[in-house]
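Reader: I have a structure open and would like to know what stands behind the words used for it. Could you take me through them?

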Amino acid sequence: TKSFKTSPHKEKNSLISLSMATNLGSLETYKPHNNDLASPPNGTVSTIQKSTSSTTLASSESTLGSHLARRLVEVGVTDVFTVPGDFNLTLLDYLIAEPKLKNIGCCNELNAGYAADGYARARGVGACVVTFTVGGLSVINAIAGAYSENLPLICIVGGPNSNDFGTNRILHHTIGLPDFSQELRCFQTVTCHQAVVNNLEDAHEMIDTAISTALKESKPVYISISCNLAGIPHPTFSREPVPFSLSPKLSNEAGLEAAVEAAAEFLNKAVKPVLVAGPKLRVAKASEAFTELADKSAYPYAVMPSAKGLVPENHQHFIGTFWGAVSTSFCAEIVESADAYLFAGPIFNDYSSVGYSLLLKKEKSIIVEPNRVVIGNGVAFGCILMKDFLSALAKRINRNNTAYENYHRIFVPEGLPLRFGPREPLRVNVLFQHIQNMLSSKTAVIAETGDSWFNCQKLKLPEGCGYEFQMQYGSIGWSVGATLGYAQAVPDKRVIACIGDGSFQVTAQDVSTMLRCGQKTIIFLINNGGYTIEVEIHDGPYNVIKNWNYTGLVDAIHNGQGKCWTTKVTCEEELVEAIETATGEKKDSFCFIEVIAHKDDTSKELLEWGSRVCSANSRPPNPQ
């Protein structure tokens, strides 16, 4: 048996420590605050509470499969997203035998991966199970997306019989070579740890190390388990799982003090400093610390687009989304005109920088990474946790609301969409005005890649309202599976998903699984006849898609089983009636509302963003 690790750049001193106690660990789960409710920091497991007793299990229960099932439950996974295949069937038997673990059978592996992604965003960790190679290479796109978004996701694959390793046999579900490592090699670049379990001696340790590594590094891991091992007892599984704990990462105290002193001096001499929250707040578990700094400093604060939902938007000094030329009104003006800005956990890619067009200067910035702080053009401090740095800085900062006062002076409230005659064709800005009124602490928004990015970004989230979208990877179709997983993770919330017709066509099948699970999600299917986001970057006939009878499709999937309601709306009057029905009479049903929109009805932000991204994509080669 070999364990594969391909992240040498990670901190090697953050080792997994295994408690020698024999008590079953139970979770002290993360209690989210404000808008973090639906976006808890990755790696929810923080402390392990010892139970009062340990029990020796009967030999029939002391198997690899039952150990893995109990481990998943222990770290917070109560739903596992699966697609059966002959290499994982016995393993699935043992997973579903665990009373605290529910099997969610998905229509395909890609959606199973997306569902585990959405689940991890809400719960802090997710898991999926697929079969060897044909399943693994199908789910890998979703695993890559989870890697890009720093989500701890446990991808379990049913592997070949242990007797076939090291032979010249050719197996089905492979590319016809006696080398079984193709799948493993593919996963090495999109997971932080890989374990191939093909004997029982090391299985206990390999499984625990893989799961612990996913939580520690907030990245996906790959576990392959030979198909003939899941049901075999072994002495290492003969007792309830020994509770493992993650060695806590600690800041270097001297470095922390020096970094805080330098940052406080930098910010306290500024005239109009601002704060900007980035997406790495999630992996750093620093949302509360950021809010504390905003409270103490009185600086105005904004969020980068992919950080929406990680910090409260009902805070008096929140000024919106900083997204360069497509920022919330008056937000970019305040951020880019500041003489000092602190970015907590930013990701500056071509999308978030609107084609590299942000008007920021490095010498004015403090960049706070999860484990590092860089001030201005040079001074850098390592081995410092973001949450420790922000909390300590909050105690050393002088209150300064100058930039917020400037924002308050120039701010003009947004206008309302123009009103036309009765039964006029529905416009997208009118649609989102009504979606805004649906939001509460009992809802969560999932925004699909496309114009929904920009329209949902303008929604004002009430306290406790969740929000998720996949900006770094930007895989169209992600939202269908992610909605399934997210809704399964937080059944007390009603998920509102905004999905374009082009994206829906990629992954529509798992509406079936939503119905099967009795979910009460509301999907707004925005039918504008094509890939609108790509039209605005570079148009062509390939961006036009075949129109479907979307409500008819969902009705066919429903097939009279479960609670499902569909409708098609073409004007505001029909939309109002549909929302009243979905939130009233059909509040306990899955609701699918197809919204007919003009193909050119896009947000002004998409028009601006698309032209800038097009310009960045079409830069000519540098002279050789």
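Author: What follows is a set of questions and answers about how parts of this predicted model are described. Residues are numbered from 1 along each chain as its sequence is written. Local features need pLDDT of at least 70 and side-chain atom pairs count only at pLDDT 80 or more, while totals for chains, interfaces and linings use all residues, and side-chain values use heavy atoms, with hydrogens and water left out.

Reader: Thanks! What makes Glu 217 count as buried or exposed?

Author: Buried means under 20% relative accessible area, exposed means over 50%, and partly exposed lies in between (1.4 Å probe, protein chains only). Glu 217 has 9% relative accessibility, so this residue counts as buried. You will find Glu 217 in helix H6, residues 203-217. Helices (H or I, at least four residues) and strands (E, at least two) are DSSP runs, numbered from the N terminus.

Reader: How do you know which class Lys 285 belongs to?

Author: Its relative accessible area is 33%, so Lys 285 is partly exposed. Lys 285 sits in the loop between helix H8 (281-284) and helix H9 (287-297). Its phi is near 55°, a positive value in a residue other than glycine. Tyr 356 also has a positive phi, near 60°, and lies in the loop between E15 and E16.

Reader: What makes the contact between the side chains of Glu 217 and Lys 216 a polar one?

Author: A polar contact is a pair of N or O atoms within 3.5 Å; within protein, one must be able to donate a hydrogen and the other to accept it, and residues adjacent in sequence count only if both atoms are side-chain atoms. The distance here is 3.4 Å, and the contact joins the two side chains. That is why the pair qualifies under the definition.

Reader: What does Glu 98 reach with its side chain?

Author: The side chain of Glu 98 reaches the backbone nitrogen of Lys 100 at 3.1 Å. Glu 98 is in the loop between helix H2 (89-97) and strand E6 (102-105). With a relative accessible area of 12%, Glu 98 is buried. Leaving out residues up to four places away in sequence, Glu 98 touches Ala 69, Arg 70 and Val 73, where contact means heavy atoms within 4.5 Å.

Reader: Which residues does Thr 483 touch, and how buried is Thr 483?

Author: Thr 483 has a relative accessible area of 0% and is buried. This residue belongs to helix H15, residues 478-489. Not counting residues up to four places away in sequence, Thr 483 touches Ile 446, Val 495, Ala 497, Met 514, Gln 519 and Thr 521. A polar atom of its side chain lies 2.6 Å from the backbone oxygen of Ser 479.

Reader: Why are the buried residues of H7 said to line one face?

Author: The buried residues in H7 are Gly 255, Leu 256, Ala 259, Val 260, Ala 263, Ala 264, Phe 266 and Leu 267. Seen down the axis of H7, they fall within an arc of 160°, so they line one face of the helix. The arc is that of the directions from the helix axis to the C-beta atoms. Exposed Ala 254 and Glu 265 are on the face turned away from the buried side. The buried residues pack against E15, E16, E17, E18 and H11.

Reader: How do you know that E15 and E16 pair?

Author: Two strands pair if DSSP finds at least two bridges between them. E15 (residues 341-344) and E16 (residues 365-369) have four bridges, in the parallel sense. Ala 344 stands opposite Val 368 in E16. E17 and E18 also have four bridges, but in the antiparallel sense.

Reader: What is the order of the open sheet, and why are E14 and E18 at its edges?

Author: The seven strands run E14-E13-E12-E15-E16-E17-E18, with mixed pairing. E14 (318-321) and E18 (379-382) each have a single partner strand, so one side of each is left without a neighbour in the sheet.

Reader: And what makes E23 largely enclosed?

Author: Five of the six residues of E23 (residues 564-569) are buried, so the strand is largely enclosed by the rest of the structure. Six bridges join E23 to the parallel strand E24 (residues 590-596), and Val 569 has Val 595 as its bridge partner in E24.
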